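This report describes selected features of the model shown below.

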Amino acid sequence: RMAAAEALTAARLLLPLGTALAEGTLRTLAAHQGLRHDPATGEEPGRMPEELPAHRPVDRPPELEPTSYHGAIAPTPLWIVLLHDAWRAGLPLEAVRELRTGLHAALGWLHERVGEGFLLDEARSALDDQGSSHPGGAPTDAPVASARLQALACRAGLGAAALLD
């Protein structure tokens, strides 16, 4: 399985070497972006997947292919951040335009997740809930509005504004 947050972060760190990896990562995740509501997988319209299944063997029927899992909050704003940073690093404008539908959908999903001015994580997944505990280690109750997620949402919003401008 491919972990989206790690792939997005790696592609972003490698931007000084070129934009090809970033473009491939952006396109792959956009192709698996949520289209419908599915409580079993966490899929929601505009949400980027947390994990993608590994490539299936050629002799394996497509109906047996595992589905993507959309449980984490971070991949969606990270996708927006990578799109912006790749554009700033030289990703051709035509490639950015081709990913515009994914950008609009991701922004719509983020907008729906904001409550009382904060990006809220109601699922409290392990990746998004790091550091969200009371003194003494007791876990906090959902929803969680961690500083890390707020910073990521802010950066995604600023990057998206620059792209759309």
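In this predicted model, helix H6 spans residues 147–164. Its 18 residues reach 26 Å from the first C-alpha to the last, close to the 26 Å expected at 1.5 Å a residue. The buried residues of H6 are Leu149, Gln150, Leu152, Ala156, Gly159, Ala160 and Leu163. Their cover includes helices H3 (75–88), H4 (93–98) and H5 (100–113), together with strand S4 (118–119).

The loop between S4 and H6 contains serine 146, which counts as buried because its relative accessibility is 11%, under the 20% cut-off. Serine 146 lies 27 residues from leucine 119 in sequence, and their C-alpha atoms are 8.3 Å apart in space.

Leucine 14 is partly exposed, at a relative accessible area of 37%.

The structure holds seven salt bridges, among them the following pairs.

| Residue pair | N to O distance |
|---|---|
| Aspartate 38 – arginine 36 | 3.5 Å |
| Arginine 36 – glutamate 43 | 3.9 Å |
| Arginine 47 – glutamate 44 | 3.9 Å |

Arginine 36 is partly exposed, with a relative accessible area of 48%. Its partners are aspartate 38 and glutamate 43; aspartate 38 is buried at 16% relative accessibility, and glutamate 43 is buried at 12%. Arginine 47 and glutamate 44 are both buried. Elsewhere, a network of salt bridges links Arg12, Asp85 and Arg155.

Notes
Residues are numbered from 1 along each chain as its sequence is written. This is a predicted model: local features need pLDDT of at least 70, side-chain atom pairs count only at pLDDT 80 or more; totals for chains, interfaces and linings use all residues. Side-chain values use heavy atoms; hydrogens and water are left out. Buried means under 20% relative accessible area, exposed over 50%, partly exposed in between (1.4 Å probe, protein chains only). Helices (H or I, at least four residues) and strands (E, at least two) are DSSP runs, numbered from the N terminus. The expected span of a helix is 1.5 Å times one less than its number of residues. Contact means heavy atoms within 4.5 Å. A salt bridge is a side-chain nitrogen of Lys or Arg within 4 Å of a carboxyl oxygen of Asp or Glu.
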